[in-house]
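Let's take a walk through this protein together. Have a look at the sequence and the model first, and then we'll go through the parts.

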Amino acid sequence: MAQGHSVDDYLETIYFLAFPIGEYRLPDTSVPTLAARVAEMLNVSRASAGEMLKRLEAEGLVERGEHKEALLTPSGLDRAEKVVRRHRIIERLLTDFMGYTPAESHVHADELGDTFSDDMIDRIEERLGYPERCPHGWPIHTEREQAENLELEPLSDLGPGGRGTIVRLAEHDGELLEWFYDHGLVPGTAVELLRGAPDAAQFVVSTEHGEKTLAARAAGGLFVRRPVSA
Ligand SMILES: [Zn+2]
């Protein structure tokens, strides 16, 4: 979808860029401006991303940093955190209550956007019994998410012989998300990286479902926790 991203879509993307993990980190070689990164993540032109960022700036949700990068203001951050929390609660509504698969839930949650009021979201969360995470492992509470970011790393960073347990799945690419589920690469799965240095194009992991070969993009979208050493 190249057109029609809402203010909330932009805030969500800037949020992930502000708390980078895996696919949201800057590539090692080039450091493009944040506007370019936002455009890339949302698959829109730099011009339309630039236009929207100006609008967010005018609304006091975004401010420019030292290098003209877009930063969330306190009110921008507040709203972005609401957006991601809402998305995760709706996903749980879709899986737990409506029987959708986890991969479907992400797509439908995006479609629903801001259909529900804040009060409705609070009530849904209560009825669901205050789930800790969305179906893809992302903590409902953004404070917890941000703290946990430091404990996780993409599978692609483990290095050959590295072990870990999948905690979260990147959900920003619907097709990739479905691929993860088709191959049993889901939260709670133990993995051992057999082949693939951090900048490799291909990775091979061993799981309880056998060996899997992953493209770099897939390996960068699985966030794992290394075992705690005794
Ligand atoms: Zn999710």
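## A first question

In which hand, left or right, does helix 5 pass helix 8? The crossing of helix 5 over helix 8 is right-handed; a crossing is called left-handed if the near helix is turned anticlockwise from the far one by less than a right angle, and right-handed if clockwise.

Before going further, a word on what you're looking at. This is a predicted model, where local features need pLDDT of at least 70, side-chain atom pairs count only at pLDDT 80 or more, and totals for chains, interfaces and linings use all residues. Residues are numbered from 1 along each chain as its sequence is written.

## Helix 5 and helix 8

Back to that pair. Helix 5 covers residues 102-112 and helix 8 covers residues 174-182; helices here are DSSP runs (H or I, at least four residues), as are strands (E, at least two), numbered from the N terminus. Their axes come within 8 Å and cross at roughly 160°. Axes are lines fitted to C-alpha atoms, for helices over the stretch in contact, and angles run from 0 to 180 degrees between N-to-C directions. Helix 5 and helix 8 are therefore roughly antiparallel, since angles under 35 degrees count as roughly parallel, over 145 as roughly antiparallel, 65 to 115 as roughly perpendicular and the rest as oblique.

On the helix 5 side, the contact is made by P102, A103, H106 and V107, and on the helix 8 side by G174, L177, E178 and Y181. (Two residues are in contact if their C-beta atoms, placed from the backbone, lie within 7 Å.) Sorted by class, the residues where helix 5 meets helix 8 are 5 nonpolar, 2 polar and 1 charged. Ala, Val, Leu, Ile, Met, Phe, Trp, Tyr, Cys and Pro count as nonpolar, Asp, Glu, Lys and Arg as charged, and the others, Gly among them, as polar.

## Helix 4 and its partners

Helix 4 spans residues 74-97, and its axis comes within 8 Å of that of helix 5, crossing at roughly 125°. That makes helix 4 oblique to helix 5. This crossing is right-handed.

D8, L11, E12, I14 and Y15 of helix 1 touch G76, R79, A80, V83 and V84 of helix 4. That contact has 6 nonpolar, 1 polar and 3 charged residues.

An open sheet is formed by 6 strands in the order 3-8-4-5-6-7, with antiparallel pairing; two strands pair if DSSP finds at least two bridges between them. Strand 3 (153-154) and strand 7 stand at the edges with a single partner strand each, so one side of each has no neighbour in the sheet.

Elsewhere, strand 6 (residues 202-207) and strand 7 (residues 210-215) run antiparallel, joined by 6 bridges. Their hairpin connects through 2 residues. F203 stands opposite L214, and V205 has K212 as its bridge partner.

## Three domains

Zooming out, the protein is divided into domain 1 (7-72), domain 2 (87-148) and domain 3 (153-225), with bounds that come from an automatic or database domain assignment. The C-alpha centres of domain 1 and domain 3 lie 26 Å apart. Their contact takes 4 residues from domain 1 and 6 residues from domain 3. The side of domain 1 that touches domain 3 has 2 nonpolar, 1 polar and 1 charged residues.
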